[in-house]
Amino acid sequence: MLKLHDTATGTIKPLTLRRNDEVSMYVCGPTVYGPPHLGHGRFALSFDVLRRYIEFKGLRVIHVSNITDIDDKIIERAGVENVDCATIASTYEKTWWESMDKLGVLRPTYVPHAVSYVEAMVNLIVKLFDLDVAYELSDGIYLDVSKVSDYGLLAHQDLASLKSGARVEIDENKRSPLDFVLWKLAKPGEPRWPSPFGNGRPGWHTECVVMSLDLLGDGFDIHGGAQDLIFPHHENERAQAVALNRVFASHWVHNGWVTVSGEKMSKSLGNYTNLEELLNSHDSRAYRLLVLRSHYRSPIEVTKETLSEADTAIKRLDRCANRFNLQNNCSPRLNTAMCSNSCDITELKKFEDAMDDDLDTARAVAQIFDLINKANLAKDNSDDSNAELFASSALLFANALGLEAKTESDSIDSFSESLRLQREEARKNKQFDEADRLRVELEELGWTVEDSKDGTKLSKQ
RNA sequence: GGCGGCGUGGCCGAGUGGUUCAGGCAGGGGCCUGCAAAGCCUCGUACGGCGGUUCGAUUCCGCCCGCCGCCUCCA
């Protein structure tokens, strides 16, 4: 039984499902106004791992993750680049998916775009207005949070304490500083859609409540995002659902953020690292390993050093796959039933115990490396059957976490191949000076040279 | 002011009331190897400070110190 931390209750509780064979999960996606940074990569990886693990356990996952393609930030960016908002959105959505593909993040089942949901959002705002929980000001429609009985549930704050701490300049027109905008009337030159309140655009918080309920229906299982979305974004989404008397998410999951020198990484602080840059300068699996190495709710510090370590550790996984010649099929359809034949049952149980415990991926990763060690040891002792069982267990669990070992042999050009053969010949004839010279030459060509009883093997450095 | 999190060995990073260890990276020693590489073995005796509970605390409680986050931009 999978247990997960739930922000609403502040406890780790069993994941209870609406239907017993299917998990409905909504994860707040990016606003596409710039290239993704490491924080985006982390939330995407965190929920990708959750999804993969649930599928590994044999359940179907309906994973919805939106693209916010209309927002103040996009309008601002469009102004800076002197293009229209749609161009900004499509440009950065494209880079978003490129990064996701490199990270090995599975595509969500559905990817709703805010722009195609505007009409539905207007309908929802009209309902809120008719219920008298929303009111009109000169610049738009606002939700009156005092009409929502348990507002502050996710933030674990009551209305009074939230008010007292307001750090942002208070808009005196609003009934309460906490009231939030549902519909923004368009200023000249801004993109606009029709509504009974006048032409304008939806507020951010309305988007996700409409799209999640539309695609997943009332009482869906998991609503997720990074911790900085808890308040106000998720609080406000929930407020609208509560005001409409609709059953919203039953489990709230939030991941921790990426820090730089101990401080939160964010675009507004300007200390962010572009995700693409990272993916271009490291093994694309290194960041996943780094994310998996710590708990999803802990902050992670990403540095050149920790990334290089991860690069090295990934190679250990690859070497294991190569040594045992295991084709690591990375299909997300792999599940416990299917792999119980090819892995050690005790180890599988241990892996599930770790993962069921609020996704303790750090423990799971440790187990994987421990299994690699056991496999190598058994192999060194010629205990081939156990060795293979441990190795395939390790790779299956890695697979379940989305870490794919690379097993394809490197294609060797004919020149390098001739050097390799010459080296084998030289070693056979005990011409070690010549063999050493050939090794240096091969290394300069970018190969790692390994000798064994079976001859000389080359692999890319 | 309100609410929450964190402080572990050279570095990163889990975990736990007590003899048996997280794991990765780096380092020392060894096995293997013509020499390497890979692999294996082995070593380093860590848990912010001060009290308390306890037969025993890094793990529970209290206080203190330090760091970080949220309180209508944010993944």
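Q: At what angle do helix 10 and helix 13 pack, and how far apart are their axes?
A: Helix 10 (residues 304-323) and helix 13 (residues 361-380) pack at about 40°, and their axes are 11 Å apart. Axes are lines fitted to C-alpha atoms, for helices over the stretch in contact, and angles run from 0 to 180 degrees between N-to-C directions. Helices (H or I, at least four residues) and strands (E, at least two) are DSSP runs, numbered from the N terminus.

Q: Before we go on, what kind of model is this, and how are things numbered?
A: It is a predicted model, where local features need pLDDT of at least 70 and side-chain atom pairs count only at pLDDT 80 or more, while totals for chains, interfaces and linings use all residues. Residues are numbered from 1 along each chain as its sequence is written, chains are lettered from A and ligands numbered from 1 in the order in which they are written, and side-chain values use heavy atoms, with hydrogens and water left out.

Q: Thanks! Back to helix 10 and helix 13: what do you call their arrangement?
A: They are oblique to each other. Under 35 degrees counts as roughly parallel, over 145 as roughly antiparallel, 65 to 115 as roughly perpendicular, and the rest as oblique.

Q: And is the crossing of helix 10 and helix 13 left-handed or right-handed?
A: Left-handed. That term applies if the near helix is turned anticlockwise from the far one by less than a right angle, and right-handed applies if clockwise.

Q: Which residues meet there?
A: From helix 10 there are A313, R316, L317, C320 and R323, and they meet I368, F369, I372, N373, N376, K379 and D380 of helix 13. Contact means heavy atoms within 4.5 Å. Sorted by class, this contact has six nonpolar, two polar and four charged residues. Ala, Val, Leu, Ile, Met, Phe, Trp, Tyr, Cys and Pro count as nonpolar, Asp, Glu, Lys and Arg as charged, and the others, Gly among them, as polar.

Q: New topic: how many salt bridges does the structure hold?
A: There are 38 salt bridges, each being a side-chain nitrogen of Lys or Arg within 4 Å of a carboxyl oxygen of Asp or Glu. Side chains of opposite charge can pair when their charged atoms come close.

Q: Nice. Which residue does D48 pair with?
A: D48 pairs with R288, and their closest N and O atoms are 2.8 Å apart. D48 sits in helix 1 (residues 38-56) and R288 in helix 9 (residues 286-293), so this pair ties together parts that are 240 residues apart in sequence.

Q: Are D48 and R288 buried or exposed?
A: Both D48 and R288 are buried. Buried means under 20% relative accessible area, exposed over 50%, and partly exposed in between (1.4 Å probe, protein chains only).

Q: Let's go back to helix 1. How does helix 1 pack with helix 3?
A: Helix 1 and helix 3 (residues 85-103) pack at about 55°, with axes 11 Å apart. That makes helix 1 oblique to helix 3, and the crossing is right-handed. H40, G41, F43, A44 and L45 of helix 1 meet W96, M100 and L103 of helix 3.

Q: Last one: where is H5, and what does H5 touch?
A: H5 is in strand 1 (residues 3-6) and is buried, with a relative accessible area of 16%. Not counting residues up to four places away in sequence, H5 touches several residues, including G10, H251, W252 and D358.
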